[in-house]
Every structure is written in C-alpha cells, then in structure tokens.
Amino acid sequence: MLAAALLGLSVLLLLLGASVGSTGFDSVLKMGHDPLAQQIVWDIRLPRTLGAWLAGALLGLAGAISQGLFRNPLADPYLLGSASGAALGGALALALMGVGLANAGWWARLGLTGAAFLGATGAVLLTLVLARGVQHTLRLLLAGVVVGVVLSAARDLIQVANPQILEAMQVFTMGSSAFVGWQACLLMAVLWLLCALAAWALSRLLDGLLLGEATAASLGLPLVPMRAGLVLALALATGTAVAHTGLIAFVGLAAPHLVRSMARVTHQRQVWLASLMGGVLLLAADILARWLIAPQELPVGVLTAALGGSYLLWLMHRRSLGGGL
C-alpha cells in the first residue's frame with residue numbers, strides 16, 4: 001500500500017512539475033499548437049522534473065544502504081565523505097573537459113558521472129581504511145569527517161586554479177535540477193535500476209547486520225564480498241545523483257526514517273520504499289523551490305537543508321519530551 005501511494009504521488013508530482021515555471025500553466029495549455037510552449041514543457045520542465053525524482057530516488061536508496069550497512073540511523077549518503085569525493089571528481093572532470101553543466105553533451109555527462117563515481121568510491125574506501133573497518137562507529141564518523149574536509153579543500157584548490165568551472169561548482173554546492181536533460185535522465189534511470197537491484201539482491205546482509213556482525217557471519221553470509229557490493233552501490237548511487245543535481249542534503253537521511261515510521265519491513269522492501277520516498281521528497285522540494293519566488297527559483301539543496309533540518313530538530317525535540325534522545 002505504501003509503495004502504491006508513493007507511486008501515485010510521484011505521478012501527480014510529475015504532472016505538477018511539468019506545469020510549474022516562469023510561464024505557469026499557460027505553456028501546458030498551449031503546447032498543442034504553440035511550438036515554443038511545447039519546447040518549454042517537453043525539453044525543459046519534464047526532464048528536470050523527472051531528473052529531480054531520479055536524483056531523490058538515488059539518494060533515498062543510498063541512505064537506506066548506508067543506514068543498514070553501518071547500523072546507524074543517522075547515517076546518510078554523505079556520511080563517509082562520498083559527497084566530497086563525488087564533488088571533487090566532478091570538479092576534476094569539469095576542469096579537464098573545460099565544459100559546464102549547461103552545454104555538457106552525452107559523453108561529457110557520462111564522464112562526469114564516472115568521475116563522480118570514482119571520487120565517491122575512493123572517498124568511501126579511504127574512510128574505511130582510516131577507520132579500520134566498520135566495527136567502531138565513532139572512529140568511522142571521525143574518519144568520514146576528516147576525509148570530507150580534506151577532499152573539500154582539494155576541490156576548492158581546483159576551483160581556484162580553474163575559475164571557469166566556478167559557476168558549475170556553485171550548482172554542486174547548492175543543488176539544482178536546472179541542467180538535467182533527457183540524456184541525463186536516461187543515464188540516472190539506468191544506474192538507479194542497477195543500484196536498486198544490487199541492493200535488493202544483497203539485502204540479506206543488511207538484515208543480518210541488524211543482529212550484529214557475528215550473527216550475520218553465523219548465517220553463512222559472505223560478508224566481505226556482499227559488503228563490497230553494497231559499498232559500490234552506495235558510491236555509484238551517490239556519485240550519480242551528485243554529478244547531475246549537486247549536493248542535496250537530508251533526502252538520503254529522511255527517506256529511510258519516514259519509511260520505517262510508516263511500515264515495518266525487511267531491507268528487501270525497504271530499499272525500494274526508501275528510494276520511492278526519496279524521489280517524492282526531492283521532487284516536491286524541487287517544485288516548491290521553483291514556485292515560491294517564481295519566476296525566479298531557490299536552490300533546491302538550500303530548501304531541503306532548511307526543511308530537513310527543521311524536521312530533524314522537531315524529531316529530536318519530540319523524542320526528548322518522550323524520554324528518548
């Protein structure tokens with residue numbers, strides 16, 4: 001029922017997203033006989049709307065993997081420095097290619113996604129090496145913070161040396177779906193499906209880790225290869241989302257929390273539900289960012305940070321009143 005509700009809400013938001021913009025509903029009403037209105041709706045609004053949903057689905061999926069893999073409900077896709085690594089990879093790719101997001105073609109976007117994936121994977125692996133595995137949560141958190149700070153500094157140095165990429169990197173830091181086209185949507189959809197299938201196939205490990213490392217090993221699960229597969233899926237999902245929409249906060253953290261508050265399911269279903277929830281959250285935020293101060297728009301990453309931070313503060317306040325956190 002939750003999956004059906006999220007899918008229905010996604011369809012409604014996709015239709016609403018195609019109607020929100022500087023020209024409002026007029027473009028939708030005129031697209032049948034006005035070539036300009038048709039171009040606005042088909043070539044600009046629809047791909048960025050679908051792209052926002054896909055980026056949110058990738059972040060929601062990555063958040064579910066991260067929280068299950070590290071047994072930490074506060075883990076998000078950016079916890080282990082993957083966001084900083086993905087942004088560093090994107091900065092390197094933009095500097096080497098000499099193009100921005102607005103005029104990046106198919107091969108440029110593919111290279112950008114690959115560079116962001118390699119950066120995210122390298123950052124996660126570096127964090128795991130520094131933390132000596134995932135057994136000690138505090139050490140893991142500290143290693144993630146250190147790796148994130150160092151890689152962010154390296155990204156800043158690249159921006160200083162290549163000022164032509166400053167505008168594109170501003171998109172990374174504040175988050176935006178404005179430069180997502182049909183080619184990017186196709187690429188994100190394919191990679192989202194691959195990551196979701198990988199997480200679904202390896203979900204038994206996430207269920208086993210809830211009972212502890214020793215219990216998961218006693219179930220006969222090959223921990224090392226399964227954990228490696230989940231880390232790769234986490235890095236690929238995060239890198240793909242960051243490569244196309246920038247650093248968008250709290251979606252990967254909030255989506256699994258909302259799913260757990262609505263349905264008690266195993267990770268085999270949770271990875272799909274969290275992915276759908278992430279798509280709904282980011283698409284709703286993207287529509288709100290375009291509508292609040294139309295014809296101008298807010299950076300969607302700023303809006304999700306404000307709304308997500310408020311939600312987290314409210315949740316902590318409610319638990320403190322109830323005697324919990």
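This is a predicted model: local features need pLDDT of at least 70, side-chain atom pairs count only at pLDDT 80 or more; totals for chains, interfaces and linings use all residues.
**Reading burial, helix packing and aromatic pairs**

Author: Leu 140 is buried, with a relative accessible area of 3%.

Reader: How far is Leu 140 from Leu 80, in sequence and in space?

Author: The two are 60 residues apart in sequence, while their C-alpha atoms are 7.7 Å apart in space.

Reader: Next, helix packing. At what angle do α8 and α11 pack?

Author: The general idea is that an angle over 145 degrees counts as roughly antiparallel. Here helix α8 (residues 182-201) and helix α11 (residues 223-245) pack at an angle of about 160°, and their axes are 9 Å apart. The two helices are therefore roughly antiparallel to each other. As for handedness, α8 passes α11 in a left-handed crossing.

Reader: Which residues make the contact between α8 and α11?

Author: From α8 come Ala 184, Leu 187, Met 188, Leu 191, Cys 195, Ala 198 and Ala 199. From α11 come Leu 230, Ala 233, Leu 236, Ala 237, Thr 240 and His 244. By class, the residues of this contact are eleven nonpolar, two polar and no charged.

Reader: How many aromatic pairs does a search of the whole structure find?

Author: It finds two aromatic pairs. In reading a pair, look at the angle between the ring planes: over 60 degrees counts as edge-to-face. Trp 53 and Trp 192 form an edge-to-face pair, 5.8 Å centre to centre with 80° between the planes. This pair links distant parts of the chain, since Trp 53 is in helix α3 (residues 35-69) and Trp 192 is in helix α8, 139 residues apart.

Reader: What is the geometry of the pair formed by Trp 192 and Trp 272?

Author: That pair is edge-to-face as well, at 6.3 Å centre to centre and 90° between the planes. Trp 192 lies in helix α8 and Trp 272 in helix α13 (residues 267-291), so the pair ties together parts that are 80 residues apart in sequence.

Reader: Are Trp 192 and Trp 272 buried or partly exposed?

Author: Trp 192 has 15% relative accessibility and counts as buried, whereas Trp 272, at 27%, counts as partly exposed. Trp 53 is buried, as is Trp 192. Together, Trp 53, Trp 192 and Trp 272 form one aromatic cluster.

How values were computed: Residues are numbered from 1 along each chain as its sequence is written. Side-chain values use heavy atoms; hydrogens and water are left out. Buried means under 20% relative accessible area, exposed over 50%, partly exposed in between (1.4 Å probe, protein chains only). Axes are lines fitted to C-alpha atoms, for helices over the stretch in contact, and angles run from 0 to 180 degrees between N-to-C directions. Helices (H or I, at least four residues) and strands (E, at least two) are DSSP runs, numbered from the N terminus. Angles under 35 degrees count as roughly parallel, over 145 as roughly antiparallel, 65 to 115 as roughly perpendicular and the rest as oblique. A crossing is left-handed if the near helix is turned anticlockwise from the far one by less than a right angle, and right-handed if clockwise. Contact means heavy atoms within 4.5 Å. Ala, Val, Leu, Ile, Met, Phe, Trp, Tyr, Cys and Pro count as nonpolar, Asp, Glu, Lys and Arg as charged, and the others, Gly among them, as polar. Rings of Phe, Tyr and Trp (its six-membered ring) pair if their centres lie within 6.5 Å; planes under 30 degrees apart count as stacked, over 60 as edge-to-face and the rest as tilted.
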